[in-house]
Amino acid sequence: MPVLTAPEKNVIPTFSLQQNSERGNTMIDVREAIGQCGEFKLDPAFLQPHRKDYYLFVLVKNGANRHWIDFVPYTVKPDTFYFTVPQQVHLKEHSGPTEGIMASFTDEFLQLEDNRILKQLPIIQNPAAAHEIALSQADVAFVEDTMRKMLVEFNTDGTWRNQMLTSWLRVLVIYLSRLYGEQYNETCVTLNYCLLKSFQALIAEHYATQHDVAAYAEKLNLTPGHLTDVIKQQSGKTAITHIHERLIVEAKRRLLHTELSVKQIADDLGFEDAAYFNRFFKRITDTTPMGFRTQIREMYS
């Protein structure tokens, strides 16, 4: 595995799939941890707050580790499926024995012509911002069998290897999306729903420079009024609320995981001055940025 450098104090590093892959793969990786001493091998840098630029799917057969995704702690449970999407902040409190199978893949992999349909499925879109799916024994058997087929295919160099991997991943993602829909009440995909996801993707790309609805409406070739109506109908929240919520998430990530000053965070997120950022943050969260930093670090520790 390539060597990862220790992150700087005021930077939340982003690790690529290639850095986390034992083979240096750039688009998809499948691996297994087996037995009571089994453990997914992680570089120590992964025990620090960090982002991943890829999707991570993990079937946990045994293990009871504790980790954080953004501001939510999760205690890993056996026979449970865990998943994350790119750019969320991860932190493992410790890396103990874990038995299971892990599949990782990048957005680049999903952009391949045969895989594009997967981008629209609920577990990839993850509108509920969920990270775990409870599995029945029948679900465990199906998911494990599918992931083991992926593992066998990944570790061989047979003809049409990538096509077989794609086929098994498609089966896995569709099956898990059904469970996701049952457990998180996911609605059917429509054109308006796709517009919501496009809007959210644009926010993820431009939140630090674009804070108003009109700028996003222009990028989507829509009027601000029409964009606002569709977003409210699809999500129950206004378009400006989505923008503000993303800014708050990014602010909270920096307040928790870095030593940046409030002024530096305000500058990073495109606010004209720290005083306005303070008022914005308090209006939405009912606490100041420094108040949040103190509270979340007390809980985190």
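Me: In which order do the five strands of the open sheet lie, and what makes two strands a pair?

Reply: The order is β1-β3-β8-β5-β6, with mixed pairing. Two strands count as paired if DSSP finds at least two bridges between them; strands are DSSP runs of E with at least two residues, helices are runs of H or I with at least four, and both are numbered from the N terminus. This is a predicted model, in which local features need pLDDT of at least 70 and side-chain atom pairs pLDDT 80 or more, while totals for chains, interfaces and linings use all residues. Residues are numbered from 1 along each chain as its sequence is written, and side-chain values use heavy atoms, leaving out hydrogens and water.

Me: Why are β1 and β6 called edge strands?

Reply: Strands β1 (14–15) and β6 (72–75) each pair on one side only.

Me: How do you know that β5 and β6 are paired?

Reply: Four bridges join β5 (residues 66–69) to β6, and the two strands run antiparallel. The requirement is at least two bridges, so the pair qualifies. Within this pairing, Ile69 has Val72 of β6 as its bridge partner.

Me: Which strands pair with β9, and over how many bridges?

Reply: Strand β2 (residues 28–33) is joined to β9 (residues 99–106) by six bridges in the antiparallel sense. Strand β4 (residues 54–62) pairs with β9 over eight bridges, also antiparallel. Met102 of β9 takes part in both pairings: Met102 is the bridge partner of Arg31 and of Val58.

Me: What makes β2 and β9 "mostly covered"?

Reply: In β2, five of the six residues are buried; in β9, seven of the eight are. Buried means under 20% relative accessible area, exposed means over 50%, and partly exposed lies in between (1.4 Å probe, protein chains only).

Me: Why is Leu202 called buried?

Reply: Leu202 has a relative accessible area of 16%, and therefore counts as buried. Leu202 is part of helix α6. Its C-alpha atom is 9.1 Å from that of Leu220, a residue 18 positions away along the chain.

Me: How do you know that the span of α11 agrees with expectation?

Reply: Helix α11 (residues 274–285) has twelve residues, and at 1.5 Å a residue these should span 16 Å. The expected span is 1.5 Å times one less than the number of residues. The end C-alpha atoms of α11 are 16 Å apart, so the two values agree.

Me: Which residues of α11 are buried, and what places them on one side?

Reply: The buried residues of α11 are Phe277, Phe280 and Phe281. They cover an arc of only 95° around the axis, so they lie on the same side of α11; the arc is that of the directions from the helix axis to the C-beta atoms. Arg279 and Arg283 are exposed on the other side of α11.

Me: What makes a region a pocket, and what is the volume of the largest pocket?

Reply: On a 1 Å grid over the protein atoms alone, a pocket is an open set of points with protein on both sides within 12 Å along at least five of seven lines, and lining residues have an atom within 4 Å of a point. The largest pocket has a volume of about 1500 Å³, the space filled by probe spheres set on its points.

Me: Which residues line the largest pocket nearest its centre, and which element gives the largest share of the lining?

Reply: Of the 45 lining residues, Gln125, Asn126, Lys197, Gln200 and Arg246 lie nearest the centre. Elements giving two or more residues to this lining are β6, α3 (122–125), α6 (191–206), α8 (224–235) and α9 (239–257). The largest share, nine residues, comes from α6.

Me: What is the size of the second largest pocket, and which helix gives the most to its lining?

Reply: The second largest pocket holds about 190 Å³ of space. Helix α5 (residues 161–184) gives the most to its lining, with four residues. Among the lining residues are Phe109, Asp114 and Arg161.

Conventions:
On a 1 Å grid over the protein atoms alone, a cavity is a set of points where a 1.4 Å probe fits but cannot get out, and a pocket is an open set with protein on both sides within 12 Å along at least five of seven lines; lining residues have an atom within 4 Å of a point.
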